[in-house]
Amino acid sequence: MESNEVVLKVENIGKDFFGNVVLKSVSFEVKKGEVIGLVGENGAGKSTLMNILFGLPVINETGGFSGNFFLNGEKAHFSSSFDALDAGIGMVHQEFVLLPGFTATENILLNRESVKDNFAVNIFGDRLKHLDREDMKKRAVNAINKLDVNLDPEMIVAEMPVGHRQFTEIAREIDRSSTKLLILDEPTAVLTESEAEIMIKAAKKLAEEGMSIIFISHRLHEVLDLCDRVLVLRDGNLVFESESENTNPREIAESMVGRSISDFEHTERKKELQKDLLEVKDLWVAMPGEVVKGVNFTVKKGEIFGIGGLAGQGKLGIANGIMGLFPSRGKVLFKGEEIPLNNTKNILDLGFSFVSEDRRGVGLLLDEPIDWNITFTAMQAHERFIVKYLGGLLKFRNDKEIRKEALKYIDMLQIKCTSEKQFARALSGGNQQKVCLAKAFALNPEILFVSEPTRGIDVGAKELVLNALKKYNEESGITIIITSSELEELRSISDRIAIVNEGKIAGILPPSKPATDFGLLMIGESNINGEGEIK
Amino acid sequence: MSMSNSEKVKKFLINNTVPILFVVLLFFAIPLSGFSPEYLANEMITRLGRNSFLVLALLIPVMAGMGMNFGIVLGAMAGEIGLIFITDWGVVGINGVFLAMIISTPIAIILGFVAGLILNAAKGREMVTGFMLGFFMNGVYQLFVLYGMGNIIPINNPKILLPRGYGIRNAIDLVNIRQAFDSFIKLKIGDISIPVFSFIIIAILCIFIVWFRKTKLGQDMRAVGQDNDIAAASGIAVKRTRILSIVISTVLACYGQIIFLQNIGTMNTYNSHEQVGTFAVAAILIGGASVAKANISNVFIGVVLFHMTFIVSPRAGKELVGQAQIGEHFRVFVSYAVIAISLALYAWRRQAAKNREIKAVLDEQNEAIENRGGSQ
Ligand SMILES: Nc1ncnc2c1ncn2[C@@H]1O[C@H](COP(=O)(O)OP(=O)(O)OP(=O)(O)O)[C@@H](O)[C@H]1O
Ligand SMILES: [Mg+2]
């Protein structure tokens with residue numbers, strides 16, 4: 001339901017963080033009921049732009065911004081996000097801001113509860129009004145229905161699957177009857193594919209009812225599916241703008257990075273893989289939502305072994321189980337010797353390293369600089385980057401080595417930062433993710449587990465990250481076990497790919513096999529045993 | 001997801017370890033002590049009337065996520081200052097009690113406000129801070145009562161002034177208001193006398209607490225109790241809400257101490273409030289409350305179990321080891337022990353809940369293994 005009424009008008013907005021120019025001069029308009037897709041590389045300034053519109057204090061604390069924006073023709077002056085809320089802007093952040101012990105209803109209406117008058121109000125003020133639970137439930141159900149999702153208003157948030165939490169957050173913005181413009185900053189990054197679909201459908205419905213939406217995502221097909229118009233942000237400017245119908249993912253991706261992008265290549269590598277490095281026998285892992293029910297596989301030394309499959313089938317449980325993060329049982333042989341399970345410390349000492357799929361527990365020290373973040377674990381675990389004197393009595397940090405190592409990875413992964421001394425907190429979401437990878441690399445592990453390494457990373461940088469993994473594997477002969485929900489990604493770097501279905505390995509295939517073969521394995525339609533591998 | 005009966009029982013036992021321990025203890029100690037049921041009933045009723053109000057004062061800060069408020073000692077001090085004044089002025093009876101409450105309310109509000117400010121600065125360590133605050137304010141109180149009263153603040157009654165002309169005596173006879181509340185409405189059933197009016201006041205407080213939970217402010221406190229940052233992000237004035245919870249608790253504790261002392265009838269100017277926080281916290285923990293969750297039933301169960309233990313154990317101790325001189329020291333010892341154990345149990349219980357979740361998944365897995373083993 002698009003109309004010509006302009007809800008938001010952005011005029012020449014610019015922003016720098018202490019000299020680091022992030023936005024130069026951005027101007028665009030959003031009409032009533034229109035869905036705008038905002039894309040751009042990691043660190044392009046998408047979140048920054050949204051934070052400006054939403055009046056977040058971090059913007060003022062870092063020197064404010066230049067330019068103006070208008071809501072329904074009125075110039076906006078926000079000193080806090082509450083002003084933005086009053087003006088009709090709602091924002092769903094990347095991290096959840098829900099109270100775990102409250103129900104969906106209580107969270108949706110947090111601090112906007114329906115209340116009834118009573119005698120005490122005259123004496124002690126409005127805060128002693130009574131909650132009107134019935135009306136609260138009605139309003140919550142109303143907001144949920146607008147989203148057209150299946151969400152129990154009485155369910156406690158702590159007991160909800162991730163997707164439902166995201167819906168609760170969005171329902172909260174909907175209940176604000178004043179919300180005219182909804183900002184969704186990577187709302188699908190934490191969702192499974194099927195949840196993301198529901199979420200896209202819900203957003204479409206809202207737009208039909210007249211809500212304007214700004215949608216940020218790195219999944220371009222999602223953006224094209226949902227949005228009426230796509231804006232691409234690069235080097236602080238809007239470099240591309242198009243109706244969704246008139247463009248395609250490739251064109252968008254190319255304008256994002258400013259060069260042409262090649263498809264992932266499925267190059268079969270002519271590597272001789274001989275020695276067995278890791279043997280997994282009948283592994284069971286009790287990871288809630290990703291239970292592994294007896295998998296068998298062998299990984300060769302120097303191999304890149306991919307693990308794929310649909311969400312919730314157990315692919316993520318394998319790495320988590322071997323690393324001892326969830327209780328597991330079965331046999332894992334490393335270089336022919338059985339290693340004890342459920343003992344993370346021991347496994348790390350053996351030379352294993354893990355980059356988890358859990359974006360909230362990424363394990364960055366947010367108030368420390370990048371170089372420190374990259375080298376810290378290696379320093380702790382292997383006493384690298386340390387110079388010793390007097391037979392180890394005196395230990396000093398080798399700052400030169402630390403710097404060198406950090407600069408190496410900043411270059412290799414193209415971490416967008418002002419210097420290696422920039423605090424992790426001041427990095428964009430995707431660049432924080434790259435620092436995590438660098439941290440694992442710096443450990444010099446014998447075997448590296450990475451789960452969803454490119455989630456939240458832009459299309460251009462995806463290739464970069466995958467190439468970095470590949471290069472790293474080729475140069476230092478390190479064995480990599482990569483878990484991902486994106487098949488193409490797995491096919492572009494893995495030597496072999498195991499597909500997990502219902503907690504078991506449905507088959508192991510080389511990447512050259514057609515995508516349909518993988519697809520059949522994922523949905524449990526076939527049980528081909530790839531290349532003599534036992535299922 | 002339904003739980004099997006045995007699991008339910010297990011969960012109940014785990015969640016109520018402390019009260020169950022005390023019930024078991026009393027099960028043996030009561031017969032050993034040889035007290036008559038009438039005597040015990042009488043004692044229990046007196047103590048419920050005397051102590052419940054103070055313990056109820058702990059409930060609201062728990063809601064706001066501030067743990068057990070050892071700061072109620074401050075409220076007790078405020079109440080005592082009110083009692084000093086009305087004794088000086090010679091106001092008698094129930095009017096005296098109410099006047100003491102009126103005088104001490106602003107003092108309690110100010111003290112509660114200051115305590116709230118300090119506890120806000122010590123987020124995450126509220127209990128220890130509150131405990132230390134009690135010690136510190138005890139010093140200030142002593143200074144005020146020992147040097148300020150009769151000096152800067154006019155006190156004329158020679159019965160409560162030290163012979164040197166300023167400072168308050170160690171013990172004050174509260175004869176003017178002794179049991180003014182308790183005997184305002186008299187009721188005697190057999191040999192058991194019931195302080196009806198005190199119970200009415202306690203009932204009103206309970207109704208207030210239930211009512212309060214349903215208000216917007218109550219809901220805000222629950223929100224703040226779960227996560228300060230999220231509550232703040234939704235626009236709730238977190239600091240203000242936390243301070244309010246402490247102010248309410250301090251004012252209630254002030255009334256609680258006045259009710260307590262009118263029943264006792266004498267006031268140890270410098271000691272009466274000392275263990276107020278410890279005893280109240282121990283009682284509510286014995287009643288099955290935890291740092292994060294406490295309700296009205298915890299208060300009454302706790303007061304009954306806690307005080308029953310102190311009535312019967314000296315006698316039971318005498319029967320057992322021939323020693324009755326355990327008295328006050330024993331009580332203090334048990335209180336601290338209970339607090340320490342309850343806190344440890346709380347931490348352990350949270351761990352156990354986590355483990356149970358993991359075990360449920362493991363069980364499912366074992367079952368599957370067994371099934372498969374059969375088919376192989
Ligand atoms: N608080 C801050 N202080 C200094 N620099 C910052 C701060 N926040 C962001 N930046 C910088 O601004 C740039 C843009 O960051 P922003 O978070 O807007 O990127 P983004 O487009 O959202 O990227 P992503 O897709 O990775 O989330 C980054 O280079 C980042 O380093
Ligand atoms: Mg971002």
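1. How far from an oxygen atom of ligand 1 does a polar side-chain atom of A:Lys46 lie? In this predicted model, the separation between the polar side-chain atom of A:Lys46 and the ligand oxygen is 2.8 Å.

2. Helix α10 of chain A, which spans residues 249–257, has A:Ile252, A:Ala253, A:Ser255, A:Met256 and A:Val257 as buried residues. The partners against which the buried residues of α10(A) pack are the strands β3 (35–40), β11 (229–234) and β12 (237–243), together with the helices α9 (220–226) and α16 (459–476), again of chain A. At the N-terminal end the helix is capped by A:Asn248, a side-chain oxygen of which lies 3.1 Å from the backbone nitrogen of A:Arg250. Just after the helix, A:Gly258 adopts a positive phi of about 75 degrees.

3. Within that helix, A:Ser255 deserves a separate remark. Is A:Ser255 buried or exposed? A:Ser255 counts as buried because its relative accessibility is 12%, under the 20% cut-off for that class. The side chain of A:Ser255 reaches the backbone oxygen of A:Ile252 at 2.9 Å. Once neighbours within four places in sequence are left aside, A:Ser255 is in contact with A:Val232, A:Arg234, A:Val239 and A:Phe240.

4. Most residues other than glycine have a negative phi. A:Glu452, although it is not a glycine, has a positive phi of about 45 degrees, and A:Glu502, also not a glycine, has a positive phi of about 50 degrees. The two sites can be described by their loops: A:Glu452 sits between β21 (447–451) and α16 of chain A, whereas A:Glu502 sits between β23 (496–501) and β24 (504–509) of chain A. As for accessibility, A:Glu452 counts as buried at 5%, while A:Glu502 is exposed, with a relative accessible area of 57%.

5. Turning to the nonpolar packing, the largest nonpolar core has 110 residues, and those with the most contacts inside it are B:Leu56, B:Met68, B:Leu83, B:Ile84, B:Ile168, B:Phe212 and B:Ile284. Helix α11 of chain B (residues 238–264) provides the largest share of this core, with 12 residues. A second, separate core of 46 residues includes A:Val39, A:Ile170, A:Leu206 and A:Val232. In soluble globular proteins, nonpolar side chains tend to be buried together.

6. One of the core residues named above, B:Met68, can be followed in detail. When residues up to four places away in sequence are not counted, B:Met68 touches B:Leu58, B:Val62, B:Met127, B:Val281, B:Ile284, B:Leu285, B:Ala289, B:Ser290 and B:Val291.

7. Chain B as a whole has 14 helices and 4 strands, and 51% of its 376 residues count as buried. Of the contacts in chain B with a separation of 6 or more, 76% are between residues 24 or more positions apart. The chain exposes about 17,600 Å², of which carbon and sulfur atoms supply 65%.

8. Helix α9 of chain B (residues 216–226) is mostly covered, with 8 of its 11 residues buried. The buried residues of α9(B) are B:Lys216, B:Leu217, B:Gly218, B:Gln219, B:Asp220, B:Met221, B:Ala223 and B:Val224.

How values were computed:
Residues numbered from 1 in each chain as written. Chains lettered and ligands numbered in written order. Predicted model: local features only at pLDDT ≥ 70, side-chain atom pairs only at ≥ 80, totals over all residues. Heavy atoms only, no water. Core = buried A, V, L, I, M, F, W, Y, C linked by side-chain atoms within 4.5 Å. Buried < 20%, exposed > 50% of the residue type's maximum accessible area, 1.4 Å probe, protein only. Contact = heavy atoms within 4.5 Å. Polar contact = N/O pair within 3.5 Å; in protein donor to acceptor, adjacent residues only side chain to side chain. Areas by Shrake-Rupley, 256 points an atom, 1.4 Å probe, with all protein chains shown as cover.
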